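Please examine the sequence and the structure shown here.

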Amino acid sequence: MRKRRKKQFYTPGTEKLTGVLEKTKSGFGFVRQEEGGDIFVGRSNMYGAMHGDTVSVDLLPEQFRTRSREGIVDKILERGNTEVVGTFQKNKRFGFVVSDDKRNNDDVFVKKSDFRGAQNGDKVVAKITKYPEKNVSAEGKITEIISRFGETGGEIKALIRASGLYETFPSRVNAEAKAKSREEITAEEIRRRRDLRDKTIITIDGASAKDLDDGVSIEITDGGNYLLGVHIADVSHYVAADGHLDREALKRGNSVYLLSRVVPMLPKVLSNGICSLNQGEDRLTLTCQMEIDESGSVVHYEIFESIICSKARMVYDDVSDILEHEDEALIKKYEDIYDDLLAMGSLAEILRKKRKEKGSLDFDFDEAEIELDEEEVPVAIGISERRTANRLIEEFMLAANQTVAEHFYWMEYPFVYRVHEKPDTDKIVELKAFLAGFGINLPGNPDNIHPKALNDILQKVEGMPYENIVSTVMLRSMKKAFYSTDCQGHFGLSFPYYCHFTSPIRRYPDLCIHRIIKDSICGRADEQKLKKYKADSQVTAEIASLTERKAQSLEREVAKMKKAQYMQQYIGESFEGVISGVTNFGIYVQLPNTVEGMVRLDSLRDDYYDYEPGKYRVIGRLSHNIYALGDRVTIEVLAANPEERQIDFLIV
């Protein structure tokens, strides 16, 4: 009722600001402005605004504020949502859809005539027919039943749908994909390409991967150099620009990998079929062939259209066992390509060493491997190994991406680059102060820090008890990478030129630049086409940067949900963990299997703890007891809520 009391004492002023409202599950929210500076809005001052709405805010005079900047929603300028995805709560005469996005705490009232067969507990989509007003709920009607109550994978299906993604494709997209998948490779197409089908080309991927878009080959030249071939599926041959397939792929931007589920960028008849570099099958490809000397420098390269036939479908673990442990059974099984694998291992190590010497950062954090049963219930959570073969393929793809980017930069063609900007000065200043607490000096000017200075710190703390914490804080000081038509370099990799060329099955920017590359090779890039590619590249960069962030957010949400579901069986049990985050309301603790939970400060009964953000710690007022980032603690699992994606711990 605070809003009414304030309305009695002040008259709305002329200072009105606009922004997008981000609500919290508690009901209050913040209006985010483009120019920065958030405005707090209390629960009773929303005036019917929902999460995601663009609103005009009337700033409260200072004497009426509970925060430094507080306001009342004055007007809703644009609604952010036309539908709500959530759980249906059914009564005899009416029902409510409770949003699965806890930031959207506005339930949608549904009349009985608009149930459309939905039952209690179903995951549904409700189209909003009337938006909320003051204390009156929003109204809507059921338009889609995503999954029935208790259906396997229903929660993940709802998350996918809430993100605006679809596992299925429109019928006209499927029809175009099926037609393309039936096309034979013509003799004319083979003649105009370089025929590499007699070369020993292999794929190395995860055991469960079905969309194999990169193959590799290696030879030793007469001069003793390595001839590395990176052969990438020519998806652009099958996905014509501006067709139904292309427009749908651009809208999706990328494939999204959600444990046992994939939301693909392209229909499976292409991604797992005619475009996938399956063993023993002729496939159209784009090849970046690089001659690399013993120092890791590319002394000559070619980029050309090709046709290949993969000789072996290898998996990371087998290649790693061969290179790491000289597994005799596997060596015998792959004796025809054993020498090639040894050469690949040697070259990958040379490339990695050169990259490290230049200052390329390599944050080797543990990643979760979540095992699900047939009912999609998590039965085990472990650490995903990043072994020799994984690193080998990473190095080869990095080399190809860098070579292609530099080539087209100097050609001054329209292009889509992968950009990672240098960190903000204030972030580096904070990092220097943090490292000083460990007795570590970060040299260099914070305005223009070089990645090698950061890489030297990572190498210095390797094997130390605080290695993970230093890596975590350093990573948090970095900016996020994005796509751009301007070649601004990749700070983290210490590359002046970089793009994404190697995954056109699952990333649209790769597909976009493949078209540019092919037209440049064939001499078809006239002025009119270059003008179109300039416009296409700009659109691609903008959309792909947005869809990538959406995919990353969805992947994190699914992982957090499954981790919470897994930890429900361990409530009341104790584990040792490491403090992975510190806030003004609690500390995060990560267990060895990457599961992370929160210890709320108000659960620490032995003292009142103050938050010291600059030191990444909390400290007791009386006891001076400290809980700091990187400290080892023993916790008890207090609660686990998959719907909230939240796990609560107590410090034992």
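The paragraphs below take these topics in turn.

This is a predicted model, in which local features need pLDDT of at least 70 and side-chain atom pairs count only at pLDDT 80 or more, while totals for chains, interfaces and linings use all residues. Residues are numbered from 1 along each chain as its sequence is written, and side-chain values use heavy atoms, with hydrogens and water left out.

Helices (H or I, at least four residues) and strands (E, at least two) are DSSP runs, numbered from the N terminus. Helix H11 covers residues 425-436; at 1.5 Å a residue, its 12 residues should span 16 Å, and the distance of 17 Å between its end C-alpha atoms agrees with this. That expected span is 1.5 Å times one less than the number of residues in the helix. Ile428, Leu431, Phe434 and Leu435 are the buried residues of H11. Viewed down the axis of H11, these buried residues fall within an arc of 120°, so they line one face of the helix. The arc is taken from the directions that run from the helix axis to the C-beta atoms. Buried here means under 20% relative accessible area, exposed means over 50%, and partly exposed lies in between (1.4 Å probe, protein chains only). The packing partners of the buried H11 residues are helix H12 (451-461) and helix H13 (467-476), with contact defined as heavy atoms within 4.5 Å.

Helix H7 (residues 316-325) has Asp318, Val319, Ser320, Asp321 and Ile322 buried. These buried residues pack against strand S12, strand S19 (312-315) and the helices H8 (328-333), H9 (338-357) and H10 (388-411). After H7 comes Glu326, with a positive phi near 50°.

Strand S12 (residues 202-205) contains Asp205. Leaving aside residues up to four places away in sequence, Asp205 touches Leu212, Asp214, Arg313, Met314, Val315 and Tyr316.

Across the whole structure, a search finds 52 salt bridges. One of them joins the side chains of Asp53 and Arg79 at 2.7 Å, N to O. Asp53 lies in the loop between strand S3 (39-41) and strand S4 (54-59), and Arg79 in the loop between strand S5 (70-78) and strand S6 (83-90), so the pair ties together parts that are 26 residues apart in sequence. Asp53 is buried, at a relative accessible area of 1%, whereas Arg79 is partly exposed at 25%.

Another salt bridge links the side chains of Asp242 and Lys532 at 3.2 Å, N to O. This pair connects distant parts of the chain, 290 residues apart: Asp242 is in the loop between strand S14 (226-233) and helix H5 (244-252), and Lys532 is in helix H15 (residues 527-567). Asp242 counts as partly exposed at 43% relative accessibility, and Lys532 is partly exposed with a relative accessible area of 34%. Salt bridges that share partners also join Glu189, Arg192, Arg193, Asp234, Glu305 and Lys518 into one network.

Terms used. Salt bridge = Lys/Arg side-chain N within 4 Å of Asp/Glu carboxyl O.
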